[in-house]
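I opened my notebook for a friendly walk through this one. Here is what I looked up, entry by entry.

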Amino acid sequence: MGQLGHIDRKTMLYQTKVEYGDWAMNHVQGCSHGCNYPCYAFLMARRFGRVKTYDEWLRPSIVDNTLDLLRKELPKHKDEIERVQLCFTTDPFMVGYPEVGKMSINAIKLINEYGIPCVVLTKGILPIELAELSDINQYGITLVSLDEGFREEMEPGAASLADRLAALKTLSDTGCKTWVSMEPYPTPNVHEQELQPILEAVSFTNQIVFGRVHYDRRASAYEDLNAFYRGAAKQVRTFCEENGIDCHIKKGTAD
Ligand code: SF4
């Protein structure tokens, strides 16, 4: 179990500008998963002076006044909020930090009290307690490969792919809505793999979101970059159509 720092913040909920974002909350600063894609949240935190180094980013601090802030902000914004995303700049079920997961569950419960659904995304383990919460929520994992060696290289502090998938399947089996974020999907020069087995591994989910790699010079240098992503996006769309899965191809991936 990791040592968790503690901070307070002035605000919690905010409206995002990303294509499927709506509103979001980030109740932790930093993330021990330490992704090497690289992590956009880390790049932004460093740019705006919230952390100085990658090592500092790996030592997360929980926002202690999260629930107080939500109690203040939810009545104010409840009519504008369609859904809340946990999280954009950290992970709500960070491996080795049960306090983070506990706070996430309490935040989801509070948000649900206002009839607002939460969209959860993690590279950790989705706990079974989520099955007891409102069925308006949607629970997801990031999965860009089935190769555990590649996971260890790119997401060194995150949960193993098998454990991540098993937790998602368990929630799906209890009737929860589930989804998968296949982003940033690697180009063949970054990691050579077949897309079909990954799609088949998540065929039980309700939604697949597919997106390209960003901020990676190796991927950008890939000769057939656009053709590769167009082909992959087509394969994802076809798979979703055949399996009755909602499909979302991120902007700029296949166009
Ligand atoms: S899980 Fe997300 S927030 Fe955490 S290091 Fe990886 S990309 Fe960054």
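**Entry: a threonine in a strand.** I started with threonine 142, which touches Leu121, Thr122, Lys123, Arg164, Ser181 and Glu183, not counting residues up to four places away in sequence; contact here means heavy atoms within 4.5 Å. Threonine 142 belongs to strand 8, residues 138–142. I noted that helices (H or I, at least four residues) and strands (E, at least two) are DSSP runs, numbered from the N terminus. Threonine 142 is buried, at a relative accessible area of 3%. For the terms, buried means under 20% relative accessible area, exposed over 50%, and partly exposed in between, with a 1.4 Å probe and protein chains only.

**Entry: ground rules.** I am reading a predicted model, where local features need pLDDT of at least 70, side-chain atom pairs count only at pLDDT 80 or more, and totals for chains, interfaces and linings use all residues. Residues are numbered from 1 along each chain as its sequence is written, and side-chain values use heavy atoms, with hydrogens and water left out.

**Entry: the whole protein.** I counted nine helices and eleven strands in the protein. Does the radius of gyration agree or disagree with a compact globule? It agrees: a compact globule of 255 residues would have a radius of gyration near 18 Å, and the protein has 18 Å. That radius is taken over C-alpha atoms, and the globule rule is 2.2 Å times the number of residues to the power 0.38. The C-alpha trace spans about 50 × 40 × 35 Å along its principal axes. Of the 255 residues, 52% count as buried. I also looked at contacts with a separation of 6 or more: residues 24 or more positions apart account for 74% of them.

**Entry: the ligand.** Which residues are around the ligand? I listed Cys31, His33, Gly34, Cys35, Cys39, Trp57, Thr90, Asp91 and Lys123, where a residue is near a molecule if one of its heavy atoms lies within 4 Å of it. This shell divides into four nonpolar, three polar and two charged residues. In that scheme Ala, Val, Leu, Ile, Met, Phe, Trp, Tyr, Cys and Pro count as nonpolar, Asp, Glu, Lys and Arg as charged, and the others, Gly among them, as polar.

**Entry: phenylalanine 93.** I found phenylalanine 93 in the loop between strand 6 (84–86) and helix 4 (98–112). Phenylalanine 93 is buried, with a relative accessible area of 5%. Leaving aside neighbours within four places in sequence, its contacts include His33, Gly101, Ile105, Val120, Thr122 and Leu126. From phenylalanine 93 to leucine 126 the C-alpha separation is 6.7 Å, and the two are 33 residues apart along the chain.

**Entry: two cis bonds.** The bond from tyrosine 37 to proline 38 is cis, with omega near 15 degrees. Proline 38 lies in the loop between strand 4 (28–29) and helix 1 (40–47). Leucine 86 and cysteine 87 are also joined by a cis peptide bond, with omega about -5 degrees. Cysteine 87 sits in the loop between strand 6 and helix 4.

**Entry: asparagine 112.** Is asparagine 112 buried or exposed? Asparagine 112 is buried, with a relative accessible area of 13%, and its place is in helix 4. Beyond neighbours within four places in sequence, asparagine 112 is in contact with Pro117, Cys118, Leu133, Ser134, Ile136 and Asn137. The C-alpha atoms of asparagine 112 and threonine 89 are separated by 21 Å, at 23 residues apart along the chain.

**Entry: two partly exposed residues.** Threonine 170 is in helix 6, residues 161–173, and is partly exposed, with a relative accessible area of 38%.
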